[in-house]
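Please look through the two chains shown below before reading on. The paragraphs after them are meant to be read with the structure open beside the text.

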Amino acid sequence: MPSPEFTEANYVDGKRRKGASSTFRPIVFFLVPLLSVLLDIFLPRFVESARTLEFPLLITIYFSLMKRQPIAGIAIGATIGLMQDSLSQQPLGMFGIVKTLVGYFAASVSLRFDVNNPALRFMLCCFFFVFHQFFYWVMVRALLGQVPNINTMDEFVRAILNSAIALPLFLVLDKLREDEG
Amino acid sequence: MDGFLGRYRNLSVLVIVIMAQLVLLAVQVKNNQDVRLIRVWAVTAITPLARVLEGIRANTFGLAGEYWKLIEIRSQNGALKVDVDRLKLENQYLKEELATAKRIEAMAGFVQRNPNKTLGARIIGAGAGMNSKVVFIDRGSTAGVQKGMPVITPDGVVGKVTASYPTGSQVMLITDPTFACGVVSDKTRVHGTARGQGNNQLLVDYIQNEQSVEVGEVFFTSGDDRLFPKGLPVGPVRVSRQGKLFKEIFVAPAAFERGLEEVLVVLEGVHQQIPDASQMANVGPEAKALAPPPVDPKAASATGLPTGPSQKFPTDADRLMDRYKALGEQQGVSYGNGGKVPNFNAPVGPRAIPKTPVAPVGEQPVTVPPAAATPGTTAPTGPPPGVG
């Protein structure tokens, strides 16, 4: 595969793609997070190993990276997190706070990197998954007074697995971007 | 503020959203004591602030309040000091009253037990001069006090009346250098003359060096001076040593041991039996001063002993006179007519026992008149040399 030729047009296009915020239809902003939460609920009923997947987190990371606006990331993270909380047995705000932080930092990171790069997406997904799990563990321990049993190696494996799932998922979601193509 | 929020808009929004969700969490979550976290956090957040505010209030308003309280306390302190002073005075007064009541009670007991006819008096003044050994009492001639009457306390002899005025009398204390009275010791029955020295001791004079007087022996009035009735305590011996002519015996006046406030003037003296030294060994000075209780008249009539005012005890001179009388009757010699002199060394027969049954010691009663110089009394021999 020949390497892309460096031209002025390609450079400008790259700069534009790197600095611009992706746009989505409102229905996409509504349905995709909802679908991710529903998958998070229903999929484990049929496939036990699906509990490993964290679709709401992946959707949060994707929209935050693509929007490249911290406030948008905060809103996306808080909304998806609260939705996930509302369907869980734990108090409202546990996932909300963690995903708010993930959305904020993901949006902030996206301002400095080319988030269309798959390798970078993979690494960011790994990092934010670990970040998410760590802060969730802190929240559970600090606010609920519980000590969740977490295996560090398992969490790293889960992080890699979710990141691997995230790559094709993000490519599918890229098709829903209005600025794509 | 707007500039800050505009500059850190993203971070501000993040904080606001996080805080909102934390509040949402806190409303739902309860701790292990079933208290919602929102309450725990609120109290935890408020408590330090309240503590700081309370500290500020305590250090400012509290200080002012303490200052005003201090002013109030100072006024209260002044009032309390006045109260304390008043109570101290009152306490002192009541103590004095209590002590007086105790003294009067003791004196009343003494008067009840003592056969002498006495009159209570209070010392109201001392004589003029630094070395004065006279005092004034509040009873005078209108109360029956006459010159020469003995003055005593339950503890012992105080002195004698040297001048009687209508409302008061002058009393010469036994410590006066010109005072003297006849005394006899309770243990060895040694007779002597107690003389004032001008200090707080009496010198018992005219006791031969061969005679034994021990320290601690108590001297009583002997009645030889025809002034003080026999049996009144004078004081214990403090010093007893050999002298040039006579023994040097110093006695501490028992009446002055506890100070003088109330005294008794002996209006009519009655000789009493001198207590046995063995019986006086283990009793205090006050008990030593108390004479034996009056004999029950009914019991006394059954035993034939004299009772009441007639219960009188003779002096050695009385016994000597009775012995001479008995010897005269035994040998058929009458005194005062010249002629045969009886054998005074002959033993006295059973007939010579005194006619009147008296105390077990075989003494006869003798009444001492109030005034020593009153002629025609049954007083014994004259006072020893030096008796004042």
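Predicted model: local features only at pLDDT ≥ 70, side-chain atom pairs only at ≥ 80, totals over all residues.

Residues are numbered from 1 along each chain as its sequence is written, and chains are lettered from A and ligands numbered from 1 in the order in which they are written.

Chain A contains seven helices and zero strands, where helices (H or I, at least four residues) and strands (E, at least two) are DSSP runs numbered from the N terminus. In chain B, by comparison, the secondary structure consists of six helices and 13 strands. A residue is called buried if 20 or more other C-beta atoms lie within 10 Å of its own, exposed if 12 or fewer do, and partly exposed in between, with C-beta atoms placed from the backbone. On that basis 39% of the 181 residues in chain A are buried, and 30% of the 388 residues of chain B are. Two residues are in contact if their C-beta atoms, placed from the backbone, lie within 7 Å. Among contacts in chain A between residues at least 6 apart in sequence, 68% join residues at least 24 apart; for chain B, residues 24 or more positions apart account for 61% of the contacts with a separation of 6 or more.

The two chains meet where 14 residues of chain B are in contact with 15 residues of chain A. On the chain B side, helix H2 (residues 9–28) gives the most, with ten residues. That side has nine nonpolar, five polar and no charged residues, given that Ala, Val, Leu, Ile, Met, Phe, Trp, Tyr, Cys and Pro count as nonpolar, Asp, Glu, Lys and Arg as charged, and the others, Gly among them, as polar.

Which residues of H2(B) are buried? They are Val13(B), Leu14(B), Val17(B), Gln21(B) and Leu25(B). Seen down the axis of H2(B), these buried residues fall within an arc of 110°, so they line one face of the helix, the arc being that of the directions from the helix axis to the C-beta atoms. On the other side of H2(B), Arg9(B), Ile16(B) and Met19(B) are exposed. The cover over the buried residues of H2(B) includes helix H4 (70–86), helix H5 (94–110) and helix H6 (118–143) of chain A, together with helix H3 (37–113) of chain B.

A nonpolar core is a set of buried Ala, Val, Leu, Ile, Met, Phe, Trp, Tyr and Cys residues joined through C-beta atoms within 7 Å. Of the 47 residues in this core, Leu58(A), Ile61(A), Tyr62(A), Val102(A) and Ala106(A) touch the most other members, and H5(A) gives the most to the core, with eleven residues. Leaving aside residues up to four places away in sequence, Ala106(A) touches Ile61(A), Ser64(A), Leu65(A), Gly73(A), Leu124(A) and Phe128(A). A second, separate core of 43 residues includes Met149(B), Ile152(B), Phe228(B) and Val266(B).

E3(B) pairs with strand E4 (residues 156–164) in the antiparallel sense over four bridges, two strands being paired if DSSP finds at least two bridges between them. The two form a hairpin with two residues between them. Two bridges also join E3(B) to strand E12 (residues 262–270), again antiparallel, and there Ile152(B) stands opposite Leu264(B).

Strand E6 (residues 180–185) of chain B has six of its six residues buried, so it is largely enclosed by the rest of the structure. Five bridges join E6(B) to the antiparallel strand E7 (residues 191–196), in which Ala194(B) is the bridge partner of Cys181(B).
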